[in-house]
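Subject: Handing over the structure

Dear colleague,

Here is the structure I promised to pass on to you, with my notes on it below. Please keep the sequence and the model open beside this message as you read.

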Amino acid sequence: MSFFDLKGTLKPLTALKQFGKKPHTIEYPKVKKEAADRYRGFHFNDLEACIGCGNCSTICQNAAIDMIHIEGIEGINGDSGLRPRIDHGRCCWCALCVEVCPTGSLSLTKDYLYVSDDPDSFLWVPGIDNPEGKNNLSFTSDEQSLNDFKRISMPELEGMERVKSFAEVVLGYNEEQAREEASRCISCGLCTEACPEHMHIPEYINAIATGNDKDALRIIYDNNPLPEMCGKVCTRRCEDVCAIAVRGEPVAIRWLKRYATETAISSDITREIVNPVIKEPNGKKVGIVGAGPSGLTAGYYLALRGYDVTIYESNAKAGGATMYGIPKYRFPIESLDKQIEYIEKIGVKIHYNTTVGKDITFDKIYKESDVVFMGVGFPKAWTLGIDGEDAKGSMQAVNYLHEINDGEEVEIGNKVAVIGGGNVAIDAARVSKRYGADVTILYRRRVQDMPADWEEIEGAEDEGIHIVPQAIPIKVIADKNGKVTGIEYLMAEMVPDERGGRPKPVAIEGSNKVLEITALMGAIGQQADYSFIEGTEYEGKIKVERGRIVVNEDQQTSDPKVFAGGDAVNRTADAISAIADGFRACKAIDKYLIEK
Amino acid sequence: MREKATTLYLGPQHPGITGNMMIRLKVEGDTIVKATTEVGYLHRAFEKLQEQRNWLQSFTLMCRFCVPETDPMEESYARAVEAIEGREVPERAKYIRVMVLELARLASFMLWYGGQNGSLGLYTMGQWSVGDRNYILDLFEELTGGRVYHMYIWPGGVRRDLPKGFEKRVIKVLNYLEKRLDDYDDLMFDNAIFKKRTQGVGLVDKKTAIEHGVVGAVLRGCGIKSDIRIDDPYEIYDQLDFEVPTAEGGDIWARALVRRQEARQSIRIIRQVIDQMPGGAFYNQIPNPLKWTLPKGDAYVRTESVRGEIGLYLVSDGGNKPRRVHLRGAAYVHAVSLLEDVLIGENVADVSAIMNSLGTCPPEIER
Amino acid sequence: MNDIKAKLTEHIKANFPGAAEKDFKGENRIDFSIDKEFIPSVLTYLKNTAGFIHLSHITCVDWLEEGEFEMIFIIWSPTDKLKVFIRTRIDREKAVMPNIDMIWRQANTYEREFREMFGIQFIGLKGAKDFLLEDWEGPPPMRRDFDTAAYAKDAFFERPGREDALDVREEIIKRSREEIPGFAKKYSR
Amino acid sequence: MINDKNSQKIVDIIQNWARKHSIWVLAYGTGCGAIEIPPTMTSRYDAERLGVRGAATPRQADVLLITGYLTTKTLKRVIRVYEQMQDPKYVIGFGSCTINGGMYYDSYNTIKVLDKYLPVDVYINGCMPRPEAVLAGFGKLQQLIAEGKANGAAEYKANLEKYRENQKRVIPNWIMPEYNW
């Protein structure tokens, strides 16, 4: 380097060329630059859309999010009633909470300015502290979410393959599929409230996700002695409220339960895995009328608590409606037998082919037992109430299913019409299809109004069953031998209900149509049969209202010694409610007898 | 006659120190005879904390290791997780990652321009380059939602796709910066004072460099051509056309020359990436983060940051949390033992300039 | 590349008894376990003879369940573009390692850190005892049996005002009167 | 000496007005928030036009910026720095970490609640706060100064024992001179 560097001295002076240029300084506070469209500023929570699942709180690595009660927000089914509150003394605005929010209610906004001299003022309830944030959303989970909204599809038999036999349609998850499906669950537990039985769903799903299938089964058996049945045919109200279902397909809770029960291939292995604690016999006797889900549940858990339990069942097999009302392609007979066998091995005595009121009087059971539980169900079908209904070939779907499940043969010909839109109607239709008939379902309302499971409806359609919605049957046509040859029906239009209920079908005059058939099945509902107490002293003691036995919240009837559950008691008429009734009754009976 | 030695404490509160650290200097006159670094003022125990967080939660901590350039850490973590899990990354994500990494390099160079010159009393440069750096941060804000902590590159790809018209805005900023880099040259590299104060100062020779495991621009300033992006390529660097500049001398001047070239190479890389940007997915989604487990295994990944190679060693024991995360930043190499050696014989007035040129970033040392 | 790998593997196995190779797919690396006594000599060999001049990383993993620390030295050859992992296991209770800062001066920094964070002694290691911490009285914090959350709770303050937080699962349990068996609780969120 | 109450008031107003427009910030990057200080100070945001500028030593400084987390090791230095600063002096807490620990709430080496150890006049929200937020923080401080409400230093003096107790709880080896402020 030379002693004097002329270039090096002069060159920096070229910086002067910047002189007079417009500065890029932001004239704060006069001008406030708006943050970018994706800026991760303060949180906003749409309180209406939020279901309080608490996933944001779980993912937060800074423990910044609390779930708190907020005035005016009550917990309901499918909503915990809690809402997130964010501690801005913890938050790092990573937006993971936004990414895992299943409903998409939580987002970030462009707001970022908050300065205060009060360090206690940094607790922030998004949505309440910034209601205007709704119009200022920036970072949302609309574009991208960390929730896995897509369910692992269940392997099934092909539609046309299915109708050839009574083989089980659903094939079940394999281990890998089950783990993957289980890991979609965010463990919020909203489902447990929707489940009548309050099964420990997040716990057993988590056990499956971590590969502890046996623990999963133990957790399931904690309050459900018929999990294999539930795993196959439950109405799964849990899945309706699944947090993931808000924007995606719910976690396949039923199929996961089914998967967990598959580890127990026999009643002995079930016992080995579940390894229940059976208390010493306490000498108290419980008589149970009906070996349906509620009776079996009450019996099982009472037996575990040391009671001497006897069940009286009029049929040759236990299971009630789950045995005789559900076709075997949905619920194979050996699967049920295994579970009944296990319950019997625990110590529950079941007297088969013993109809109460005929083979044994109710009075005898009542007097021999310390407590009686009635799980009698709804064995009798409602009739259609239209002309010509008693023609030959016109039958009730429940009776049809009962006879088929009993192994009998029923003449139905090759053209069957089923009236109704519930699961029984679909079951009867699909069974008829398997006997080679061409089946049509007539339903008063629209397809989306059908009370049957959507999977069942889809399954029926796959198997080539025609569904004629908005059809009101008016007359059964018979030939001179009294045999059914056709059904006449009217088409209906849906009229909105003035009182805000669901739309009503109203027949269109002159839209008469006739469908040619060889058999007709009615499936519009069932009712109870209380003939066993009719005319006895108990008729007055056990109060019955509108066909249902009246019970208090402990399943206790107006006679304190008699408890009841199942379809004859609750309005939901499904197996899981019956199990819940049985379990509740068991706890109440235990309490009642100890207190006595 | 030798002057009597005195002890001088430089930092942690000292305007010339880059970041929060301290150097104990033994000086004779203003010549340093012994230097002892003392670090740990920023030890937050990241690696301990990450062992308590699950795999996704850990990711948010990564960018905080070193603030001037946060993306190489995120990139390292993402790549290490992907290596253990065997997760595929979509092609587009790789391109976006490289673009983000190079933009981050560019932003970091701008900060270095300001710091290096600020340490020599040339404050104009700081006003220019740190001011111009905001244009890059604006791009980051638009793309990632944050100016400094991007939390954008994560296992499986990147977090969000490019906004509409983003590439055009990047090109616009690059065009502007290219012009500005020439202005910087006039002010800095042609400046007699800058030359005088940097040439022959802060020498690192080849032997010392190897003894200390020196990396990045400091190593290239000793004339050794080494760059992880070429030597151990990741993402799509092996398909890009760029040069690795080197300079002889091993002094501050040489390192400055290297960085001057590298900034331009970064611009060149970003232009190529934007030209070749493929379409398609930008993210291969991870499973539910609360139940996400990785198979047993370990991975060691290296990423080139502005300060040099950073290495991340990640171990999984098959659970949902990392067993061990160990990040070794470039400053860990440069600013502890190397700095102690380099400072010997230098003037107290040059300490700040030397620290800047070695890429001292205390949070990266202390973690 | 495979040639170099094979040659190196052969040499190390011949000269350092007990060296075990670990198979590794994917990354370009060779992975060895070796007795800790041989660490300085194998590193010297790799650096001076085999061209692995760059010490890329030294790390330590605490395998609490097995009662061991695993020390891993990762070195890199710029000419062969190859990584070599040298691993060794040492007893957690009597954690002593040979010092290698005469091979790479930089190792001194790592070793000071491990001495402080894991409590590993390096024979003849110089440098101040405090590295990242100051006046630390607890156990070496990076050991897995040190509970940082409990320590933090005990040593520092927490801002009050968040005591009204509720747990979603428990709230639902309370409302539906569900009873969860004890063994299932570990699977709750 | 001015004994009259009203004149004292006038003096206070003038004093506070002057202090408000001359906020010298100590150049001490105690944590990661320091990365947004250069942009705040340089051309884009140019805090200097608001009277905010850097000061090299504690004796010259008015404001101590605690830019995020404080490790116990730094806390010791920060206390020393704070006590060396001359009145009037203010503390600004930067980001989540100073309020309730932030990301490092379970770290064994960082303090969580800054106001237990030092009096804090203004907190700025964010992790990390943008330069606009930093400017807003200074704006808030100016407002508090003008209103005569930024009294952290006086509070510190009045409650020194309480603060000392907390400080000594996390700094076991307390070798520090007592500063004469």
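A crossing of two helices is called right-handed if the near helix is turned clockwise from the far one by less than a right angle, and left-handed if the turn is anticlockwise. By that rule, the crossing of H1(D) and H5(D) is right-handed. Please bear in mind throughout that this is a predicted model, for which the predictor gives the complex an ipTM of 0.85 and a pTM of 0.87.

Let me stay with chain D for a moment, since that pair of helices belongs to it. Two packed helices are described by the angle between their axes and the distance between the axes. Helix H1 (residues 5–20) and helix H5 (residues 131–146) of chain D pack at an angle of about 165°, with their axes 8 Å apart. Angles over 145 degrees count as roughly antiparallel, and H1(D) and H5(D) are therefore roughly antiparallel to each other. On the side of H1(D), the contact is made by Asn16(D), Trp17(D), Arg19(D) and Lys20(D), and these meet Gln142(D), Ile145(D) and Ala146(D) of H5(D). By class, the residues of this contact divide into three nonpolar, two polar and two charged.

As for confidence, chain D has an average pLDDT of 85, and 97% of its residues score at least 70. Within chain D, confidence is lowest in helix H1, at a mean of 84, and highest in strand S7 (residues 122–124), at 91.

H6(B) contributes Glu167(B), Val170(B), Ile171(B), Leu174(B), Leu177(B), Glu178(B) and Leu181(B) to the contact, and H11(B) contributes Ala263(B), Arg264(B), Ile267(B), Ile270(B), Arg271(B) and Ile274(B). Sorted by class, this contact has nine nonpolar, no polar and four charged residues.

Chain B also meets chain C, with 29 residues of chain B in contact with 25 residues of chain C. The elements of chain B that give two or more residues to this side are helix H1 (46–52), helix H8 (206–211), strand S6 (297–305), strand S7 (308–316), strand S8 (322–328) and helix H12 (330–343). By class, the side of chain B that touches chain C has 10 nonpolar, nine polar and 10 charged residues.

Some details of the backbone deserve a look of their own. Most residues other than glycine have a negative phi, and most peptide bonds are trans. Against that background, the peptide bond from Asp87(D) to Pro88(D) is cis, with omega near -10°, and Pro88(D) lies in the loop between helix H3 (72–84) and strand S5 (90–94) of chain D. The peptide bond from Cys127(D) to Met128(D) is likewise cis, with omega near -10°, and Met128(D) is found in the loop between S7 and H5 of chain D.

Two aspartates have a positive phi. For Asp46(D), phi is about 45°, and this residue sits in the loop between helix H2 (37–41) and strand S2 (52–55) of chain D. For Asp135(C), phi is near 50°, and its place is in the loop between strand S7 (121–122) and helix H4 (148–155) of chain C. Which of the two words, buried or exposed, applies to Asp46(D)? Since a residue counts as buried if 20 or more other C-beta atoms lie within 10 Å of its own, and as exposed if 12 or fewer do, Asp46(D), with 22 such neighbours, is buried. Asp135(C), with 12 other C-beta atoms within 10 Å, is exposed.

Finally, there are two places in chain A. Gly510(A) lies in the loop between strand S18 (504–507) and strand S19 (513–516) of chain A, and is exposed, with 7 other C-beta atoms within 10 Å. From C-alpha to C-alpha, Gly510(A) and Met491(A) are 8.8 Å apart in space and 19 residues apart in sequence. Glu161(A), in helix H4 (residues 159–162) of chain A, counts as exposed because it has 12 C-beta neighbours inside 10 Å. Glu161(A) and Ala216(A) are 55 residues apart in sequence, and their C-alpha atoms are 33 Å apart in space.

With best wishes

Definitions and conventions: Residues are numbered from 1 along each chain as its sequence is written. Chains are lettered from A and ligands numbered from 1 in the order in which they are written. This is a predicted model: local features need pLDDT of at least 70, side-chain atom pairs count only at pLDDT 80 or more; totals for chains, interfaces and linings use all residues. Two residues are in contact if their C-beta atoms, placed from the backbone, lie within 7 Å. Helices (H or I, at least four residues) and strands (E, at least two) are DSSP runs, numbered from the N terminus. Ala, Val, Leu, Ile, Met, Phe, Trp, Tyr, Cys and Pro count as nonpolar, Asp, Glu, Lys and Arg as charged, and the others, Gly among them, as polar. pLDDT is the predictor's confidence in each residue, from 0 to 100. Axes are lines fitted to C-alpha atoms, for helices over the stretch in contact, and angles run from 0 to 180 degrees between N-to-C directions. Angles under 35 degrees count as roughly parallel, over 145 as roughly antiparallel, 65 to 115 as roughly perpendicular and the rest as oblique.
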